[in-house]
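Here are my notes on this one, written as numbered points. Have the structure open while you read, and click on each residue as it comes up.

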Amino acid sequence: MASSSTVRLAIIGTGGMGAAHLRAYQASEKARVIAACDVDPESLARVAEQFNIPATYRDYRELLEREDLDAVDIVTPNNSHAEVSLAAIRRGLHVLCEKPLAMNRHEAREMVSAARRAGVIAAVNFTYRNVPAARYIREIIQSGEIGEPLHLIITYSQGWLVDPASPRVWRLTKEMSGTGVLGDLGSHLIDLARWWIGDISAVLGHLKTFVTERPLPGTGRLAPVDVDDAASFLAEFTNGATGVFFCTRYAFARANTQRAEIYGTRGGLVYDNERPNEIQFAIGSFMASARQYCTLPVPASIQASKTTTMQQFVDDIVRGTCTTATFEDGLASQEVIDAVVESAQTGGWVRLPLA
Ligand code: SOE
């Protein structure tokens, strides 16, 4: 490490999410982004200038030859997460990788084993763990206040594909993305569900593609969409709770809406990411008989400690322990994604773990 409290980072991938990560590093006193890498020279130059990054690379292998790096943040399309992570881990670097962790569980398993062997911090950007309401929900469930969790209904709605002119970007291709909305948004839901309730033991899935061709950015030529636009699945948790999951890119007039209802033996909770500093709750027999849900502000202490995965990653490197979502969490989410894909293909329940 540059000094005991400075972490020298490189960002790999300078698109929209890369810039969002860089803004987060700007807010961290311990982070120093010393290099950026992207195959797209224009985006690379723009971001390097905007964030004052001294060195740029078109090829991540050249970047990884540097001797002065502590960590990399991988914000590339999904099909390079495994390759770039494994190369960085081989160099002994700490890695933060965007979600979904990989294209499938096989890649994700290799990434987990490599990170364990190397003893590096290996984190995944499951960013919604940092929504104050999501953290409060976890605290309440863990406190036992709502009793044993029985049900989770969780949805994630975006609407950008309702527009027929919405272009065929990489997220709409199996080759670069693996799956569609299931990996992109469903991975977040699976992670929140596991973080709140526990592991998932079986799923029954359905995937739907509404529009199978879209105009390519730039040329406008039509190109195939070969991934899911909407994904839904039923789930059973290992603790016996049941779950209903739904995510779509076809939710009219929705930009980025997550909702969840959690029902336990003695209480219920409601989460809405668009109201990040409050939850709704009903706990105990008095509220049960009144059939009332009340709004509860998230405690000031939780609101005040709001952070980003990027800041946590940097702090974790300095501290030497991973406190955010790990590659293991990324793998667990990936296993569920693969099981939903298999279930959608076969039409039947699929039990986890998969072979
Ligand atoms: C695009 O669908 C996207 O940016 C996702 O990739 C993010 O993970 C999600 O947080 C917001 O939407």
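**Notes on side-chain contacts**

1. Let's begin with the rings: the structure holds 4 aromatic pairs. To count, rings of Phe, Tyr and Trp (its six-membered ring) must have centres within 6.5 Å; planes under 30 degrees apart are stacked, over 60 edge-to-face, and the rest tilted. One of these pairs is Trp196 with Tyr271, which is edge-to-face, at 5.3 Å centre to centre and 75 degrees between the planes. This pair links distant parts of the chain, 75 residues apart: Trp196 sits in helix 8 (residues 181–196) and Tyr271 in strand 14 (residues 267–272). Helices (H or I, at least four residues) and strands (E, at least two) are DSSP runs, numbered from the N terminus.

2. A word on what you are looking at. This is a predicted model, where local features need pLDDT of at least 70 and side-chain atom pairs count only at pLDDT 80 or more, while totals for chains, interfaces and linings use all residues. Residues are numbered from 1 along each chain as its sequence is written, and side-chain values use heavy atoms, with hydrogens and water left out.

3. Are Trp196 and Tyr271 buried or exposed? The cut-offs are these: buried is under 20% relative accessible area, exposed is over 50%, and partly exposed is in between (1.4 Å probe, protein chains only). Trp196 is buried because its relative accessible area is 4%, and Tyr271 is buried too, at 1%.

4. Now a stacked pair: Phe233 and Phe245 have their ring centres 4.3 Å apart and 10 degrees between the planes. Here again distant parts of the chain are linked, with Phe233 in strand 11 (residues 230–237) and Phe245 in strand 12 (residues 242–248), 12 residues apart. Phe233 counts as buried at 4% relative accessibility, and Phe245 is buried at 2%.

5. On to charges. How many salt bridges are there? The count comes to 18, where a salt bridge is a side-chain nitrogen of Lys or Arg within 4 Å of a carboxyl oxygen of Asp or Glu.

6. Take a look at Asp184, which has a salt bridge with Arg171, with 3.1 Å between the closest N and O atoms. That pair links distant parts of the chain, 13 residues apart: Asp184 is in helix 8, and Arg171 is in the loop between strand 7 (149–157) and helix 7 (174–177). Asp184 counts as buried at 9% relative accessibility, whereas Arg171 is partly exposed at 24%.

7. Asp184 also forms a salt bridge with Arg249, whose closest N and O atoms are 3.0 Å apart. Arg249 lies in the loop between strand 12 and strand 13 (257–264), 65 residues from Asp184 in helix 8. Both residues, Arg249 and Asp184, are buried.

8. Glu278 and Arg275 form a salt bridge as well, with 2.6 Å between the closest N and O atoms. Both ends get the partly exposed label: Glu278 at 22% relative accessibility and Arg275 at 47%. Elsewhere, salt bridges that share partners join Arg129, Asp191, Arg194, Asp199 and Asp329 into one network.

9. Last, the cysteines. A disulfide is a covalent bond between the sulfur atoms of two cysteines. Counting cysteine sulfur pairs within 2.5 Å gives 0 disulfides. Cys97 counts as buried, at 0% relative accessibility, while Cys294 is partly exposed at 34%.
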